[in-house]
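Subject: Structure handover

Hello,

Here is the structure I promised to pass on. Please open it first, then read my notes below.

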Amino acid sequence: MAQISWVYVTPTHRQYGVGLYHGDDSRHVLVFVNNQVLKIDFHVVEDKTYSFFIEDELCEIQMKRKSTHWSYDFKVNHKVDTLVNQERRKAERRYLFYSIGF
């Protein structure tokens, strides 16, 4: 049984507990945030990505099958076109101009 958890701190400084359970025999997957189940997927045997929002941030859990085991990764997607990412890109451009100006 694979059970893994992460702590995600949002830009508003709120903490969220993100977790994943992947059964050894059944291969069932549960994705949960703050102990609230978000996704249930039955008999997962191939690579898979689960996407969900925490506040306004698009988060992803990636499951990749290796030869003898699975690897799990949690990340925030900064590339997809969301309002938060648009604002982030504007701020980054503004900071770039400030740094070039000084």
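Strands here are DSSP runs of E with at least two residues, helices are runs of H or I with at least four, and both are numbered from the N terminus. S6 covers residues 57–65, and S7 covers residues 70–76. The two run antiparallel and are joined by 7 bridges. Within that pairing, Ile61 has Phe74 of S7 as its bridge partner. Two strands count as paired if DSSP finds at least two bridges between them.

A word on the source. This is a predicted model, in which local features need pLDDT of at least 70 and side-chain atom pairs count only at pLDDT 80 or more, while totals for chains, interfaces and linings use all residues. Residues are numbered from 1 along each chain as its sequence is written, and side-chain values use heavy atoms, with hydrogens and water left out.

**The sheet around S6**

S6 also pairs with S5 (residues 48–54), again in the antiparallel sense and over 7 bridges. Together, 3 strands make an open sheet in the order S5-S6-S7, with antiparallel pairing. S5 and S7 are the edge strands; each has a single partner, so one side of each has no neighbour in the sheet. From one strand to the next, the twist averages 15°. Such angles are taken between lines fitted to C-alpha atoms (for helices, over the stretch in contact), and run from 0 to 180 degrees between N-to-C directions.

Phe53 is partnered with Leu58 in S6. Ile54 stands opposite Glu57 in S6.

The hairpin of S5 and S6 has 2 residues between the strands. Glu55 lies in that loop. Its phi is near 55°, a positive value in a residue other than glycine. Glu55 counts as partly exposed, because its relative accessibility is 32%. The classes are: buried under 20% relative accessible area, exposed over 50%, partly exposed in between (1.4 Å probe, protein chains only).

How many of the residues of S6 are buried? The count is 7 of 9, and the strand is mostly covered.

**Glu57**

Glu57 deserves a look of its own. The residue sits in strand S6. Is Glu57 buried or exposed? Glu57 is buried, because its relative accessible area is 4%. Leaving aside residues up to four places away in sequence, Glu57 touches Tyr8, Pro11, Phe52, Val76, His78, Val84, Asn85 and Arg88. A contact means heavy atoms within 4.5 Å.

**The other sheet**

Another open sheet has 4 strands, ordered S1-S2-S3-S4, and its pairing is antiparallel. Strands S1 (2–9) and S4 (36–41) stand at the edges with a single partner strand each, so one side of each is left without a neighbour in the sheet. Direction ignored, neighbouring strands of this sheet are turned by 15° against each other on average.

S1 and S2 (residues 15–22) run antiparallel and are joined by 8 bridges. In this pairing, Ile4 is opposite Leu20 in S2.

Between S4 and S5 there is a loop that holds His43. His43 is not a glycine, yet its phi is positive, near 50°.

**Aromatic rings**

The structure has 2 aromatic pairs. Rings of Phe, Tyr and Trp (its six-membered ring) pair if their centres lie within 6.5 Å; planes under 30 degrees apart are stacked, over 60 edge-to-face, and the rest tilted. Trp6, Tyr8 and Phe74 form one aromatic cluster.

**The whole chain**

The protein chain has 1 helix and 7 strands. From the N terminus, the elements run β-β-β-β-β-β-β-α.

The radius of gyration of the chain is 17 Å, whereas a compact globule of 102 residues would have one near 13 Å. That radius is taken over C-alpha atoms, and the globule rule is 2.2 Å times the number of residues to the power 0.38. Along the principal axes, the C-alpha atoms fill a box of roughly 60 × 30 × 20 Å.

Of the 102 residues, 33% count as buried. Among contacts with a separation of 6 or more, 23% come from residues 24 or more positions apart. The accessible surface is about 7100 Å², and 53% of this belongs to carbon and sulfur atoms. Accessible areas come from the Shrake-Rupley method with a 1.4 Å probe; for residues, only the protein chains shown count as cover.

Best wishes
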